[in-house]
Amino acid sequence: MTSGEAEVATTTRTRLISGPGVLLVWLYGVMVVGAVSRSGYQIATEFDRAPLAYSLSAVAGVVYGFITYSLVRGGETARRAAVVCCAAELVGVLVVGTWTLVEPSAFPDATVWSDFGMGYLFIPVLLPVSALYWLRKSRRELRG
Amino acid sequence: MLDALTLATGVAALLLAAWCGWAAYRDQPTKDWHFIGMAVVSVLALVQLVVGVVQLARGEKPEQGTTIFVAYLLGAFACIPAAGFMSLAERTRWGSVTVAAGGVVLAVLEVRLYDIWGG
């Protein structure tokens, strides 16, 4: 790490969880607990019933966990990592959401991302959009 | 007993959400009165946790499984305190929004708890 990067990291560390960021961290935290505990329980007890669905829920939980950690940590590197993960999350929600509608037989049981996250008040599809908006906005503030 | 508590906690959580949403609308952070409200809702969730565990100990079985039931009871209890601490760290309207979101999340958990218990 060069000295310039270190400077950016120290001056911006806490910026990502101020203002609307705190709401994002809260919602992501809720989704981490929801997705991880749900998939953990299902994989432990009835994995054979719907392996694809439960694995996807577990992946969603890991992605949520990483985004939460990045937001809390703050700094430019974490911000970029969070942008990438939010984009991946959005793609995941859209692909899995479409997939569950087009071919329901592949999913004997629901995932966190089924039907675009309808079982979770559509939070899974709304969250990455608002997070990407917030992360772009924080970058502008950092530069301006 | 448990169903009545579930209903009471859910309604209290929605009231808390509306109250903190109102504070956010008026551009205010959470204040002492809001924290008292959060404490009331948290106590309700704690009583629910205790009653739920007592009913399990008496041998009653939730319809959708004991593990899920206990996990939701714990989640419901932790929900508002966690949001409250985040609003302590964020002394703007966004802290109020976070507690409001916490109230909505708790209300959803209560609906799920009702289903899981099989009421």
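Two residues are in contact if their C-beta atoms, placed from the backbone, lie within 7 Å. Helices (H or I, at least four residues) and strands (E, at least two) are DSSP runs, numbered from the N terminus.

1. **Basis.** This is a predicted model, in which local features need pLDDT of at least 70, side-chain atom pairs count only at pLDDT 80 or more, and totals for chains, interfaces and linings use all residues. Residues are numbered from 1 along each chain as its sequence is written, while chains are lettered from A and ligands numbered from 1 in the order in which they are written.

2. **H2 against H3 in chain B.** From H2(B), the contact uses B:Phe35, B:Met38, B:Val41, B:Ser42, B:Ala45, B:Leu46, B:Gln48, B:Leu49, B:Gly52 and B:Leu56. From H3(B), the partners are B:Thr66, B:Phe69, B:Leu73, B:Ala76, B:Phe77, B:Ile80, B:Pro81 and B:Gly84. By class, these residues are 13 nonpolar, 5 polar and no charged. Ala, Val, Leu, Ile, Met, Phe, Trp, Tyr, Cys and Pro count as nonpolar, Asp, Glu, Lys and Arg as charged, and the others, Gly among them, as polar.

3. **Geometry of that pair.** H2 (residues 32–57) and H3 (residues 66–89) of chain B have axes 9 Å apart, at an angle of about 165°. H2(B) is therefore roughly antiparallel to H3(B). Axes are lines fitted to C-alpha atoms, for helices over the stretch in contact, and angles run from 0 to 180 degrees between N-to-C directions. Angles under 35 degrees count as roughly parallel, over 145 as roughly antiparallel, 65 to 115 as roughly perpendicular and the rest as oblique. The crossing of H2(B) and H3(B) is left-handed. That term applies if the near helix is turned anticlockwise from the far one by less than a right angle; clockwise is right-handed.

4. **Across the chains.** The contact between the chains takes 12 residues from chain A and 16 residues from chain B. On the chain A side there are 9 nonpolar, 3 polar and no charged residues.

5. **H2(A) with H4(B).** The axes of H2 (residues 20–46) of chain A and H4 (residues 93–117) of chain B come within 8 Å and cross at roughly 20°. The two helices are therefore roughly parallel to each other. Their crossing is right-handed. H2(A) supplies A:Pro20, A:Val22, A:Leu23, A:Trp26, A:Leu27 and A:Val30. H4(B) supplies B:Trp94, B:Gly95, B:Val97, B:Thr98, B:Ala101, B:Gly102 and B:Val105. The tally is 10 nonpolar, 3 polar and no charged.

6. **H4(B) itself.** Its 25 residues should span 36 Å at 1.5 Å a residue, and the end C-alpha atoms are 36 Å apart, in agreement. The expected span is 1.5 Å times one less than the number of residues. In H4(B), 18 of the 25 residues are buried, so the helix is largely enclosed by the rest of the structure. A residue is buried if 20 or more other C-beta atoms lie within 10 Å of its own, exposed if 12 or fewer, and partly exposed in between, with C-beta atoms placed from the backbone. B:Val104 sits in H4 of chain B. It counts as partly exposed, with 17 C-beta neighbours inside 10 Å. Just after the helix, B:Gly118 has a positive phi of about 85°.

7. **H1(B).** This helix (residues 2–25) has 24 residues and reaches 34 Å from its first C-alpha to its last, close to the 34 Å expected. Its buried residues include B:Thr6, B:Gly10, B:Leu16 and B:Cys20. H2 and H4 of chain B are among the elements covering them. B:Asp27 follows H1(B), with a positive phi near 65°.

8. **Chain A overall.** Chain A has 5 helices and 0 strands. Buried residues make up 40% of its 144 residues. Of its contacts with a separation of 6 or more, 68% join residues 24 or more positions apart.

9. **Backbone check.** Most residues other than glycine have a negative phi. Which values does the loop between H4 (76–102) and H5 (123–143) of chain A hold? A:Leu121, in that loop, has a positive phi of about 60°. A:Phe122, also in the loop, has a positive phi near 65°. A:Leu121 is exposed, with 11 other C-beta atoms within 10 Å. A:Phe122 is partly exposed, with 14 C-beta neighbours inside 10 Å.
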